[in-house]
Amino acid sequence: GPATAAIIAHTILGLVGFSLCCLTARLLIVPLGPALGLSVALAVSVVANLAIWSVRRRSVRAVPIADS
């Protein structure tokens, strides 16, 4: 229903950050070691999700509110 559609619509962009985290972990754990590779992967996930959040927040502010 509508509630499920709203949850899916808001979660898809968050999965981009998670996907980047998984890709980073996959590529960096062997060359950098587990501790540093996972730390970098966590940082990538946090930065990606903060970037998505800030873009969403900025786009919401840019939309004028219609007076009724």
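The accessible surface of the chain comes to about 5400 Å² (Shrake-Rupley method, 1.4 Å probe; for residues, only the protein chains shown count as cover), and 76% of this surface belongs to carbon and sulfur atoms. This is a predicted model, in which local features need pLDDT of at least 70 and side-chain atom pairs count only at pLDDT 80 or more, while totals for chains, interfaces and linings use all residues. Residues are numbered from 1 along each chain as its sequence is written, and side-chain values use heavy atoms, with hydrogens and water left out.

The secondary structure consists of 2 helices and 0 strands; helices (H or I, at least four residues) and strands (E, at least two) are DSSP runs, numbered from the N terminus. Of the 68 residues in the chain, 13% are buried. Here buried means under 20% relative accessible area, exposed means over 50%, and partly exposed lies in between, with a 1.4 Å probe and protein chains only.

Helix H1 covers residues 2-32. H1 has 31 residues and reaches 45 Å from its first C-alpha to its last, close to the 45 Å expected at 1.5 Å a residue; the expected span is 1.5 Å times one less than the number of residues. A kink of about 35° in H1 is centred on Ile12, the bend at a residue being the angle between axes fitted to the seven residues ending there and the seven starting there. Just after H1, Gly33 has a positive phi of about 95°. Helix H2 then takes up residues 34-62.

Which residues of H1 are buried? They include Gly17, Cys21, Thr24 and Ala25. An α-helix has 3.6 residues a turn, so residues three or four places apart point the same way.

Contact means heavy atoms within 4.5 Å, and residues up to four places away in sequence are not counted for Ser45. Ser45, in H2, touches Gly17 and Cys21. Ser45 counts as buried because its relative accessible area is 13%. Ala41 is also placed in H2, and under the same exclusion of residues up to four places away it touches Cys21, Thr24 and Ala25. With a relative accessibility of 1%, Ala41 counts as buried. Thr24 is buried at a relative accessible area of 14%.

Leu42 is exposed, because its relative accessible area is 55%. The C-alpha atoms of Ala41 and Leu28 are separated by 8.1 Å, the two residues being 13 residues apart along the chain. Ser19 and Ser45 are 26 residues apart in sequence and 8.2 Å apart in space, C-alpha to C-alpha. Ser19 belongs to H1 and is partly exposed, with a relative accessible area of 46%. For Thr24 and Ala43, 19 residues apart along the chain, the C-alpha separation is 9.8 Å.

The surface of the model also carries a nonpolar patch. Leu13, Val16, Leu20, Leu23 and Leu27 form this patch, with about 420 Å² of accessible area together. Patches are made of residues with over 30% relative accessible area and no salt bridge, where like charges are joined within 9 Å and nonpolar side chains (Val, Leu, Ile, Met, Phe, Trp, Tyr) within 5 Å. A salt bridge is a side-chain nitrogen of Lys or Arg within 4 Å of a carboxyl oxygen of Asp or Glu. Leu13 lies in H1, and it counts as partly exposed because its relative accessibility is 36%.
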